[in-house]
Amino acid sequence: MPLPQSVLFCCDHNAVRSPMAEGIMKKFYGTGTYVQSVGVKGDLEIDGFAIAVCQELGVELSRHRARSFDQLEEWGDALSSFDLIVALSPASREMAHQLTRIYHLDVEYWPIMDPSGIAEGREAKLVAYRQARDQIAENLVSRWGPPAET
């Protein structure tokens, strides 16, 4: 399928899954599509394990600043300006559906596991975060094809 002009990824806190999806999509498909991410809440900093597993793919997340749906417009983006919203958690899917009733935007749900509370110990946590990262990458490739040559 052709890439949309703009995509908004969303999850619970905009600290793990949605920033990973934003960064990986930019890495895979370049700058032809405007890509952003938000959370139901924007109350956490970017997760260090998310930063680490994305660096393994050459995706830089350390400068990401979490924001919520409420902060989206404050930061210069209108929800209505996105062509597609991809929800990565049940709570964000519900929020996206509530907010898009008046905008007629497409909302897709990709059920990506939340790795943040799954394992104990650094290596086990890295494995869980890699699984979430890889689920996101697989969904991207399934939806829009293999990454563009860079």
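Tutor: In this predicted model, arginine 133 is buried, with a relative accessible area of 7%, and its side chain meets that of aspartate 134 in a salt bridge with an N to O distance of 2.9 Å. Aspartate 134, by contrast, counts as partly exposed because its relative accessibility is 33%, a value that falls between the 20% and 50% cut-offs.

Methionine 20, together with Phe9 and Leu140, touches the most other members of the largest nonpolar core, which holds 31 residues. Strand S1 (6-11), helix H1 (17-29), helix H2 (48-55), strand S3 (84-87) and H5 each supply at least two residues of this core, and the largest share, 7 residues, comes from H5. A second, separate core of 11 residues includes Leu8, Cys10, Leu72 and Phe82. In general terms, nonpolar side chains in soluble globular proteins tend to be buried together.

Returning to the charged pairs, the count of salt bridges comes to 8. One of them joins glutamate 108 and arginine 143, whose side chains meet at 2.6 Å, N to O; this pair links distant parts of the chain, with glutamate 108 in strand S4 (residues 106-109) and arginine 143 in helix H5 (residues 122-144), 35 residues apart. Another joins arginine 17 to aspartate 12, the closest N and O atoms being 3.4 Å apart. Here arginine 17 is buried, with a relative accessible area of 5%, whereas aspartate 12 is partly exposed at 22% relative accessibility.

Aspartate 12 in turn brings us to serine 92, which touches Cys10, Cys11, Asp12, Val40 and Ala87 when residues up to four places away in sequence are not counted. Serine 92 lies in helix H4 (residues 90-100) and is buried, with a relative accessible area of 0%, while its side chain reaches the backbone nitrogen of leucine 88 at 3.5 Å.

Terms used
Residues numbered from 1 in each chain as written. Predicted model: local features only at pLDDT ≥ 70, side-chain atom pairs only at ≥ 80, totals over all residues. Heavy atoms only, no water. Salt bridge = Lys/Arg side-chain N within 4 Å of Asp/Glu carboxyl O. Buried < 20%, exposed > 50% of the residue type's maximum accessible area, 1.4 Å probe, protein only. Helix = DSSP H or I, 4+ residues; strand = E, 2+ residues; numbered from the N terminus. Polar contact = N/O pair within 3.5 Å; in protein donor to acceptor, adjacent residues only side chain to side chain. Contact = heavy atoms within 4.5 Å. Core = buried A, V, L, I, M, F, W, Y, C linked by side-chain atoms within 4.5 Å.
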